[in-house]
Every structure is written in structure tokens, then in C-alpha cells.
Amino acid sequence: MADPLGNALVYLAAAVVCVPIAKRSGLGSVLGYLLAGWLIGPWGLKLVGDVESTLHFAEFGVVLMLFLIGLELELKRLIEMRRAVFGGGSLQMAACGAVLALGLIALGLTWQAAIAAGLALALSSTAIAVQTMNERNLMAAPVGRSSFAVLLFQDIAAIPLIALVPFLGAAGGEGGTGWPGAAKAIGAILGVVIIGRFLTRPLMRLIAKSEVREIFTAFALLLVIGIAQLMAGAGLSMALGAFLAGVLLASSEYRHALESDIAPFKGLLLGLFFIAVGMSIDFGQVIARPALLAVLVVGLLVVKGTMLALIAPRLEVPPGERWLFAALLAQAGEFAFVVFGVARAAQVLPRDWEGLLTAAVALSMAATPLLLIAFDRLTARRARTQRAADAIDDDSAPVIIAGMGRYGQIVGRVLLAQGIPITVLDHDPDQIDTLRKFGYQVFYGDATRLDLLAAAGAARAKLLVVAIDDVADSLALVDLARASFPKLTIVARARNVRHWLELADRGVTAIERETFESSLKSARTALTVLGVEPYEARSIAEAFRRQNMITLNTMLPHFRDEAKTVAIVKSGREELEENLRRDREARQQGSADGWH
Amino acid sequence: MIALIYAHPHPARSRANRVLLEAARRVPSVTVRSLYDSYPDFEIDVFAERKLLLESRLIVWQHPLMWYSAPALQKLWFDTVLTDGWATGEGGTALVGKSCLWVTTTGAPSAGYTPEGVHKFPFAAFMPAMEMTARYCGMHWLPPLVLHGAHQIDDHALHHHAAQYRRRLQAFAADTEVARG
């Protein structure tokens with residue numbers, strides 16, 4: 001089946017059918033994709049073939065995922081994590097790899113094959129673990145951070161592992177390492193640093209200024225694909241390169257825009273990747289040697305899980321979450337497929353074992369959601385009596401300010417002066433540049449896009465300040481926020497009465513007309529200059545404000561009816577004049593309300 | 001220097017207090033701070049107020065009496081300017097040794113402040129709160145200057161009272177000069 005559209009039809013249909021069902025029944029999206037893959041694959045309905053090339057293509061989803069993870073992680077935090085990554089990661093690889101290798105020797109493999117396969121099985125699946133952690137909001141929790149540190153080390157360790165496996169074989173390696181290889185690798189990493197640090201931001205600025213949105217998306221993809229190719233060309237991990245580029249761009253103003261542009265591609269490709277894994281489960285092996293396969297899968301999960309739980313305290317995993325940590329990382333990952341392939345080619349691993357182990361890896365990946373469900377069931381019983389403290393330490397700002405023009409800036413500066421972190425969205429590159437020079441966290445993007453709003457942390461923020469000057473955009477954003485993030489309190493800027501009414505009609509209660517308060521202030525000053533006492537001028541302005549608000553609120557139910565609106569405005573004005581006239585008369589009669 | 005803290009919500013409509021204030025204003029070393037004119041939004045610039053107090057040896061509180069007490073903004077002034085650590089408590093010695101003069105007017109004539117009068121108590125019964133505010137800050141409490149019957153008082157009596165007020169401020173200013181010189 002060479003028809004790409006036909007293939008796309010099958011993949012998308014399978015995903016659309018299976019994933020919601022799996023999610024609904026509490027199995028999680030990953031298992032849904034795996035089931036979809038099995039359904040359409042060579043052991044199901046045989047709707048698509050060519051598993052390997054699909055898997056290869058879809059691995060790009062993992063690359064995009066690591067780019068996005070990098071975007072979330074500033075360089076400073078990555079440096080803080082170095083002990084967890086290198087210390088914790090190497091401990092995990094050594095402990096799990098050694099015990100798994102011993103187990104494989106016991107099952108009859110040569111020591112060379114056992115070491116290669118043991119280490120390969122010690123690698124976990126970044127795709128599955130991270131997807132699962134995201135789904136459960138665990139990435140910012142301590143267990144999520146420890147897991148991620150381990151996964152990051154595995155991504156680094158996988159490269160030398162794949163390079164060294166051939167040396168275990170009789171044939172030996174084919175070279176490619178040594179000085180030229182190392183120089184190429186260093187060159188590629190330097191290239192990524194230069195691209196991420198120096199070239200990308202000015203380029204993105206130019207592109208943002210052109211205001212062609214899809215070109216920005218195209219550039220974002222170009223950036224990640226380019227970096228992936230650069231790394232692959234130097235024999236390094238594409239995912240690692242993308243991760244590095246992400247980290248370098250984490251502090252840039254385009255972070256949220258990149259995130260929201262890349263996220264859908266990542267989601268789809270990662271889904272495709274899981275589907276491909278589902279298709280690659282070789283049920284021939286299951287039928288041929290069910291007992292041995294069962295021993296491999298269960299043995300892998302039990303041995304690796306136990307080792308993970310044992311080393312968890314060293315990795316600063318909270319005591320109550322040791323088995324969650326184990327369940328998250330117990331499966332083997334996508335790198336194992338590659339290592340097995342290389343090991344077989346180097347005649348380290350017999351062909352039948354390669355098939356068996358590949359099936360075991362895929363099944364272990366499929367088992368992860370089930371392990372987590374089991375973990376939930378077990379802890380739910382305990383949690384009924386006592387709920388553990390919320391481990392989520394959220395680093396997102398409680399306030400999002402959309403529009404950092406003259407209006408938003410004042411709101412933002414007052415909040416910042418109180419030490420309240422804010423996330424700012426603006427779509428004027430020049431404005432952003434200026435603000436960033438003064439140390440503000442400003443991100444480029446159109447706040448009326450749901451994905452960007454979500455990327456800015458709208459789901460966790462308390463407050464959205466809508467300070468956009470365009471009335472249509474402001475209303476669109478309010479509609480969007482009220483529909484998608486109903487818990488978010490909205491503080492809105494109204495350009496004029498009409499805009500005020502439109503906002504109030506949408507249920508926004510904290511609205512300020514942008515010129516109203518300052519006009520009242522000027523009116524007070526004018527009165528004072530003309531001899532009215534300042535305190536009196538204030539009372540007059542207050543009376544005006546009150547009456548004006550009453551008029552607005554009276555207009556609210558009828559503001560689309562022009563005749564009625566005009567009548568209300570007129571009667572409001574008359575009432576105000578009547579009140580003020582009464583005050584003035586009282587003053588002229590010398591009444592000072594009893595003051596002497 | 002003399003700081004005159006004036007609290008009248010309607011200074012332009014006042015009769016008695018305006019006459020008194022104009023008399024006091026003619027004493028050269030007096031700085032008048034009209035609270036309702038300076039802070040119509042009830043947002044007192046505490047720093048500026050304290051600066052004035054630190055530069056002064058005599059602090060005058062002048063206001064009409066309302067509900068047996070100072071007008072609301074004068075009370076807010078006490079609450080925000082005379083705080084713990086500045087005017088009172090540990091390290092709160094900013095006003096120690098300064099003098100304080102209370103100048104007030106009442107609508108009722110002095111007969112109102114008798115057991116048979118509308119206010120039932122002698123006027124002295126309403127003074128301790130103000131006196132202790134000053135003394136608690138370490139200030140020397142001068143005999144207050146009180147004008148009763150401010151609504152009905154005739155011009156002659158009012159101006160006589162105002163002159164008395166001015167003389168007391170002048171005497172204080174002169175004493176300070178002597179002490180210095």
C-alpha cells in the first residue's frame with residue numbers, strides 16, 4: 001500500500017476510534033494508540049504494512065517531544081539537574097543493566113549478548129513515560145523530575161551504547177568513531193548552540209514581523225528538523241539535539257509561540273509512533289513461544305521495577321512514590337529496538353532472540369499503562385484514609401497579561417513590584433524587544449489562540465488581564481477564556497462604552513474604561529483650579545461615577561437596542577444634573593452639614 | 001518651626017475655623033497642612049507628614065469637633081503617621097520632647113457641656129483621648145484652646161479668640177528663638 005493518503009486515512013481513523021475509547025475506559029491514550037496499531041497492523045486487519053519505515057518516520061515525534069521538553073527547561077535549571085542526570089542516571093543504568101544481563105545469561109544467552117541486551121532493556125521509553133507523566137500532570141512533581149533526569153541520561157547513554165555494541169561481536173566495529181567522529185560530534189553540538197543561541201531569535205523576529213502565521217510554524221518545524229539532521233549527520237541522537245535546542249530557546253520570547261506551533265505535530269507523530277510500536281508487536285513469537293515470552297516480559301518488568309524502586313531513595317523520589325517511579329520507567333524503550341538491530345547485525349545477538357526481545361519490549365511498553373492503573377488501585381485504598389500533600393510545585397505565573405501596551409504595562413509593573421510573577425503575551429515584536437531589555441518575561445504570540453493561551457499556563461493561572469487595544473481581539477479572547485478556562489478571573493480593559501457593554505454582557509465584572517478614571521481625575525483638577533475644594537471635587541466626581549455606572553448597568557440588558565439606549569443615557573444625564581444641582585444649592589445656602 | 005495640621009472637610013465653607021486658621025497663618029514660622037485639601041482621596045503621604053513633624057518643635061492639631069472626636073481624616077492621620085516604631089514603641093522616639101497644642105471648636109456653647117446640658121459631661125471629659133495621643137508619643141501637652149458655640153459666636157468674640165490663638169503661637173516661636181539664641 002504505497003498510497004500515502006490512504007495510509008493516513010487508516011492511521012487517523014484507527015486513532016480517532018481507539019484513543020477516545022481507551023481514555024474513557026481509564027486505560028490512557030498510549031494504550032489506545034498501541035491497540036490501534038495492533039488493530040491495523042500485520043497481526044490485526046493488515047490494513048497497512050511497512051512497519052519499520054513508519055516507526056522510523058514516527059520517531060520524529062520523539063524528537064519533537066524532546067524539543068518541547070527542552071523549551072520548558074531553562075539552562076539554569078538543567079545545570080541544577082546535572083547531579084540527578086549523571087549520578088542518578090548512571091546508577092539506574094548500571095543497576096538495572098547488570099541484573100537484567102545476569103537474568104539473560106541464566107536464560108542461555110552468551111555474556112556478550114546478555115550485556116548488550118541487558119543494557120538495552122535498562123533504557124526506558126521516553127515517549128511512553130513522558131506522555132504518561134504529562135497526562136497525569138507529574139512533570140513538575142519531584143517524581144516527574146527524577147524520572148526525567150533518568151530518561152535524559154538514557155538518551156545520552158544510548159548513543160555510545162549503540163556505537164559500542166558491534167565491538168562485542170566477533171566482527172568488531174566498522175570504525176566511524178575515533179578522531180574524525182568526535183570532531184564531527186563536537187562540531188554538530190557547537191552548531192546547535194550557535195543556531196539556538198544566536199541565529200534563531202533574530203530570524204524569528206523577522207518572521208514574526210512579516211505576520212504570516214504559517215511561516216512561523218514552518219520555521220519552527222524547519223528549525224527542529226534541521227537540528228535533528230545536523231545531529232544525525234554527526235552520528236548523534238536527533239532527540240538530544242532537539243532537546244538542546246529547546247533548552248537554548250527556553251528563555252526566549254518565542255517560547256510559547258514555538259510550543260503551541262510544534263505541539264500538534266508532536267502529538268500526532270508521537271501517536272503515530274505508538275501506533276507503529278503496536279503494529280510491530282510480533283504475535284508470531286507470542287504464538288510460537290508464549291511461555292518464554294511471558295518470562296521475558298514479566299521478568300523484565302519485575303526485575304527492572306524492583307531495581308528502580310530500590311534505587312529510588314538515592315534519586316530523591318519521595319517515599320510514597322517509589323513504586324510510581326518504578327512503574328513509570330520499568331518498560332524498555334524505543335532505543336532497545338535499535339540496539340537489538342545493531343547487535344544482530346554484528347552477530348552478537350541471534351536472530352530468533354532479536355524477534356523475541358523486540359516483542360518483549362513492545363509488550364512491556366503496552367504494559368506501562370496497566371502497571372499505572374494497578375498502582376492507582378493500590379494507592380487509592382491507602383489514599384482514602386489520608387491524602388498525601390500536593391507534590392505539584394507549579395512554576396507557572398498566577399497572572400497572564402494579554403497586551404503589554406501602555407495599559408498592560410502599568411498593570412504589569414504594579415504586580416511585578418509586589419513580586420507577583422506574570423506571563424505576558426504580545427504580538428508586537430518591537431514592543432517585546434523593549435520590554436525584554438528591561439527584564440520582563442514577555443512572549444510573542446496572538447493571545448486569541450487557544451493553544452498559546454494554554455501554553456502560557458491558563459489552566460493553572462488565577463487571573464487573566466485582557467489589556468489588548470483591539471476590541472474584536474479583546475472580545476475573542478474573553479470568549480475563548482470563558483469557554484476553555486472558566487475558573488480564570490478576567491480583568492478587562494474597555495476601549496469605550498460599547499466595548500464595556502460587550503464585556504459586561506459576557507459576564508466580565510472587573511472592567512475599566514481606559515479613559516474614564518483619568519478623565520474624572522482631570523475633571524477634579526479643573527474644578528479645584530476653579531476654586532472648588534479638592535475634597536468637594538472628589539465627592540462631585542464620585543457622584544458622577546456612581547450615576548454613570550448606574551446608567552451603564554441600566555443599558556446593559558438593552559444595549560443592542562439603540563433607541564432604548566439613547567433614552568437611558570438621556571434620563572441618566574438628567575438625573576445626574578438634578579443631583580448635582582441640589583448639592584450646589586445646598587452649598588450656596590452655606591450648609592456645611594454641621595461643620596463649623 | 002510650627003506644624004499646623006488642619007482637618008476640616010469643607011474648609012471654604014467654614015466660618016470659625018477659617019478665621020482661626022487665617023490668624024495662625026500670619027505667624028511666620030507656621031506651616032499649614034490642610035489634610036482634606038492635600039489628601040482628598042484619604043491617601044496620606046506619610047513620608048511628607050513625618051518630614052514636616054521632624055522639622056517642627058510645636059505640632060498643632062486644629063479641627064472642628066465632630067462626634068466628640070477629630071474628623072475622619074485626622075484620625076486616619078494619627079493611625080498612619082504616628083505608628084509603632086516611629087512615634088511609639090521600640091525606637092519610636094521621633095516626637096519625644098516636642099510640644100503639642102490642640103485647637104478645636106464645638107457647635108454647642110459651653111453650657112452644653114454640663115450635667116444639665118445636651119452633652120451631659122464637662123468638656124474636660126472629652127479631652128483625655130487627644131491628650132494621651134500626644135503624651136503617649138512623648139510630647140509635651142500644652143493647655144488646649146477650645147472655642148465653644150462656634151455656630152452662633154459673634155464676630156467680635158471670634159476675632160478675640162483668634163488673636164489669643166495667634167499670641168500663643170507667637171509666644172512659642174519667640175521662646176524657641178530665645179532658647180536657640
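How are helices α5(A) and α8(A) oriented relative to each other? Let's work it out together, keeping in mind that this is a predicted model.

Start by finding helix α5 of chain A, which covers residues 82-106, and helix α8 of chain A, which covers residues 142-168. Their axes come within 8 Å and cross at roughly 75°. Angles of 65 to 115 degrees count as roughly perpendicular, and α5(A) and α8(A) are therefore roughly perpendicular to each other. Now zoom in on the place where the two helices touch. From α5(A), the contact uses Ala84(A), Val85(A), Phe86(A), Gly88(A), Gly89(A), Ser90(A), Gln92(A) and Met93(A). Facing them from α8(A) are Ser146(A), Ala149(A), Val150(A), Leu152(A), Phe153(A), Gln154(A) and Ala157(A). Sorted by class, the residues of this contact are 9 nonpolar and 6 polar, with no charged ones.

Next, move on to another pair in chain A: helix α6 (residues 111-122) and helix α16 (residues 334-345). The axes of this pair come within 8 Å and cross at roughly 165°. Because of that angle, α6(A) is roughly antiparallel to α16(A). As for handedness, α6(A) passes α16(A) in a right-handed crossing. On the α6(A) side you can pick out Ala113(A), Ala116(A), Ala120(A) and Leu121(A). They meet Phe335(A), Ala336(A), Val339(A), Phe340(A) and Ala343(A) in α16(A). What classes of residue make up the contact of α6(A) with α16(A)? There are 9 nonpolar residues, and no polar or charged ones.

Now turn to chain B. This chain has 6 helices and 6 strands. Of the 181 residues in chain B, 35% are buried. Among the contacts in chain B with a separation of 6 or more, 80% are between residues 24 or more positions apart.

Finally, look at where the two chains meet. Here, 12 residues of chain A are in contact with 19 residues of chain B. Which helix gives the largest share of the side of chain A that touches chain B? That is helix α24 of chain A (residues 534-555), with 5 residues. By class, the side of chain A that touches chain B has 5 nonpolar, 3 polar and 4 charged residues.

Key: Residues numbered from 1 in each chain as written. Chains lettered and ligands numbered in written order. Predicted model: local features only at pLDDT ≥ 70, side-chain atom pairs only at ≥ 80, totals over all residues. Axes fitted to C-alpha atoms, helices over the stretch in contact; angles between N-to-C directions. Helix = DSSP H or I, 4+ residues; strand = E, 2+ residues; numbered from the N terminus. Parallel < 35°, antiparallel > 145°, perpendicular 65-115°, else oblique. Left-handed = near helix turned anticlockwise from the far one by under 90°. Contact = placed C-beta atoms within 7 Å. Nonpolar A, V, L, I, M, F, W, Y, C, P; charged D, E, K, R; others polar. Buried ≥ 20, exposed ≤ 12 C-beta atoms within 10 Å, placed from the backbone.
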